[in-house]
Amino acid sequence: MPGETIGIVGGGQLGRMMSLSAKKMGFRVGVLDPTADCPAAQVADWHIVASYDDTVALEEMARRCAVITYEFENVSVESLNAILPISYIPQGTDLLAITQDRLLEKAFLEANNVVIAPYATIIHPSDIPDAIEGIGYPCVLKTTRGGYDGKGQYVLYGMKDLAPSMDLLREGTCELEAWIPFEKEISVMVAGNGKEYIPFPVVENIHHNNILHETIAPARIDPEVAKEAQRIALEIAQALNLHGVLGIEMFLTETGSIYVNELAPRPHNSGHYSIEACDMSQFDMHIRGICGWPLADVKLLSPAVMVNILGQHHEKCRQLILEKPSWQFHDYGKKEVKTGRKMGHITILTENIEDTLKEIQQTNIWD
């Protein structure tokens, strides 16, 4: 209940926005992250500077918190398991283990009759030709662990791509996945408290260089397709006994088929629009879910477009603050500006999505 302390493992922008929601509800917040003055620590009550697998530091957090959550999936499962006897981690560690390993994730989805792209496990280079025979070109070779924003994967269009893709196998077991000829990339956030599960609106995602560029809410898709995407999200949430929020990335084909691509066991970049555009944000629902509060249906109050601010856009976007008074600017407080690094985002509430997309393009910042 309000007044108690929520511990967040991870101090990035997701932890920052979780903290802001928790503080709004009256909770105290502690953060564990190896970086001093990280985004979440700037708004939290206290910060333990330690690595994510530091069991002693995690034990200290457990003693100081009523509930512990995590803001990204590269937290050590073993370290969290070590503190389970003295802590309350509503999300559990099974969800973390499943989403850390692409093969485990696919096995879970298959076991729950969720449609995914055909794939094969690749342990040795000699496994690739046999796998391609069944899957065909184009296909994608992916590391089973650690990939994000396009890292840890290589697209194969033909035999000439085999040699350069071999670098990924040096990192360990991989999976070879069929390329789905999708019309749109969509995603759904879903929230749960272990008893009830609530989907967010289906949104449409546009990527530049494998990094999310824009999210359009609601997705410009057939309403029946949107209902099916939400149904899939609810099935997954129930199978996981979800506490908190889960991001589900999907591919939508021209024929209306939906393939689940990836799960994120925490708030997701494509859900940021919900802070302004919904009556309850993904961060509000995450805090409610892990604290066992009841959940209500989420209402989209206005169509919206969210656009990411990467390092190369940072300075120019600061100038936009003076030019676009109706745009909602979020700066994550990161000290080091790097090309490709997520520094913030902008949410634009709109009555005309097409006009807003043109307005974003006309700034010439995201070319």
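1. W179 has a relative accessibility of 38% and therefore counts as partly exposed, a class that lies between buried (under 20% relative accessible area) and exposed (over 50%), as judged with a 1.4 Å probe on protein chains only. Please keep in mind that this is a predicted model, in which local features need pLDDT of at least 70 and side-chain atom pairs count only at pLDDT 80 or more, while totals for chains, interfaces and linings use all residues. Residues are numbered from 1 along each chain as its sequence is written, and side-chain values use heavy atoms, with hydrogens and water left out.

2. Because F182 lies in strand 9 (residues 182-193) and F251 in strand 13 (residues 243-253), the pair ties together parts that are 69 residues apart in sequence. Helices (H or I, at least four residues) and strands (E, at least two) are DSSP runs, numbered from the N terminus. F182 is partly exposed at 28% relative accessibility, whereas F251 is buried at 12%.

3. D33, found in strand 2 (residues 28-33), deserves a careful look. D33 is buried yet has no salt bridge, and the nearest side chain of opposite charge, R341, is 8.5 Å away; here Lys and Arg count as positive and Asp and Glu as negative, while His and the chain ends are not counted. A salt bridge is a side-chain nitrogen of Lys or Arg within 4 Å of a carboxyl oxygen of Asp or Glu. What does the side chain of D33 reach at 2.9 Å? It reaches the backbone nitrogen of T35, and the side chain of D33 also makes a polar contact with the side chain of Y52 at 2.6 Å. A polar contact is a pair of N or O atoms within 3.5 Å; within protein, one must be able to donate a hydrogen and the other to accept it, and residues adjacent in sequence count only if both atoms are side-chain atoms.

4. How many salt bridges does a search of the whole structure find? The search finds 20, and one of them joins the side chains of E262 and R102 (3.5 Å, N to O). This pair links distant parts of the chain, since E262 is in strand 14 (residues 258-264) and R102 in helix 5 (residues 102-111), 160 residues apart. E262 is partly exposed, with a relative accessible area of 23%, whereas R102 is buried, with 10%.

5. The side chains of K160 and D161 also meet in a salt bridge (3.4 Å, N to O), where K160 is exposed with a relative accessible area of 65% and D161 is buried at 8% relative accessibility. Elsewhere, K184, E204, R220 and E354 are linked in a network of salt bridges.
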